[in-house]
Amino acid sequence: MEFTPLRITTVKPLRELTFDLYIHFKEQYLCYAKRGEQLSEEKFLKLKAQKIAKFFITEGDESNYQKFLDALLDETLSNPKVDIEEKVSMAEGAAESAVERMQKDPGSESAYRATEKAAKSMRQVILNNPDALKKIFGKKADKSEEVIKHSLNVCALSVKLAEILKCSEKEMDDIGTAALIHDIGMTNMSKADMELFYKPKKLLSNDDKRVYYMHTKDAASLLKDKAYVTPAILELVSNHEEVLSGLGPNKKKKLSLSEEILSLVNNYDKRTITNKTSPAQTLKDMMIDELGNYDLKLLNEFKKVLHTEGLLLE
Ligand SMILES: [Fe+2]
Ligand SMILES: [Fe+2]
């Protein structure tokens, strides 16, 4: 039997399960709760205390789980009584589960649909809750989850920037979805090549760059020929490392506003990981290093957003 991982934060206690829930324990999948049952608060808290972050479902239950999650997201995010903490963690859980599924099975339409829904939920949380971005950027991830965390950060911040720059609903949806899967091509990278993800861009040799930039082409080949992946998404993913100086992997010198937003925010978040600089220092460095790579007006708008969202306080 094939199993699909999901985040424990996307399953609420005291709600009837519409799928069998498994945990992975000592190399085995054990059925933890059956469909029709509910998880008690006590059981749920105990799992959290044991730092169990993931549940599993069988592939056959994927669509049942997705319906469960869609309803739960809609309810949670629109309920004024639910606090921001819970809204953020639910949207993050949905996004993390979706990205992880895409990494495991990039050709799966249901994983892709889950990603679209998760991106919409992230957008809803961020645009309706002033502190959401700060909460998301305040959390650190384990090294094994760093690419997933990076994808969430890029999704959250680029959607916010897109809103400020008055992008359309469709553009914001596309940016959010593309952000979640933009580094999907890295799943194919060897462990040694993956080390390049952690190397500051300035230190990459030409050979390093050639290897590292392959992930944009790999992502494109994983997604192309899929009827459900629109050309706009494909372009955004393929061009997320492009810069106006033409030094990106595809050597593009003209970018759409959406492409430039995604590239800029990706660049920023990646720097905080590779250069280990504070948000304020990262921004300072970018204002120097990236002149000519992004439109100056865009860089200044980005600076403003980081300020007003309180992301430079750390
Ligand atoms: Fe990338
Ligand atoms: Fe990235």
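Analyst: A nonpolar core is a set of buried Ala, Val, Leu, Ile, Met, Phe, Trp, Tyr and Cys residues joined through side-chain atoms within 4.5 Å. Buried means under 20% relative accessible area, exposed over 50%, partly exposed in between (1.4 Å probe, protein chains only). The model is predicted: local features need pLDDT of at least 70, side-chain atom pairs count only at pLDDT 80 or more, and totals for chains, interfaces and linings use all residues. Residues are numbered from 1 along each chain, ligands from 1 in the order in which they are written, and side-chain values use heavy atoms, without hydrogens and water.

User: Which residues have the most contacts inside the largest nonpolar core?

Analyst: They are Leu21, Phe55, Leu157 and Phe302, in a core of 80 residues.

User: Why does this core lie between domain 1 and domain 2?

Analyst: Both domain 1 (1-77) and domain 2 (83-308) give residues to it, so it lies between them. The bounds come from an automatic or database domain assignment.

User: What makes His215 count as buried?

Analyst: Its relative accessibility is 0%. The cut-off is under 20%, so His215 is buried.

User: How do you know that Glu241 counts as buried?

Analyst: Glu241 has 8% relative accessibility, again under 20%, so it is buried.

User: What are the protein donors of the iron ion (ligand 1)?

Analyst: Donors are N, O and S atoms within 2.8 Å of the metal (3.2 Å for Na, K and Ca); water is not among the atoms, so sites may look incomplete. Asp183 (OD), His215 (NE2), His240 (NE2) and Glu241 (OE) lie 2.1 to 2.3 Å from the ion. Asp183 also coordinates the iron ion (ligand 2), and the two ions are 3.4 Å apart.
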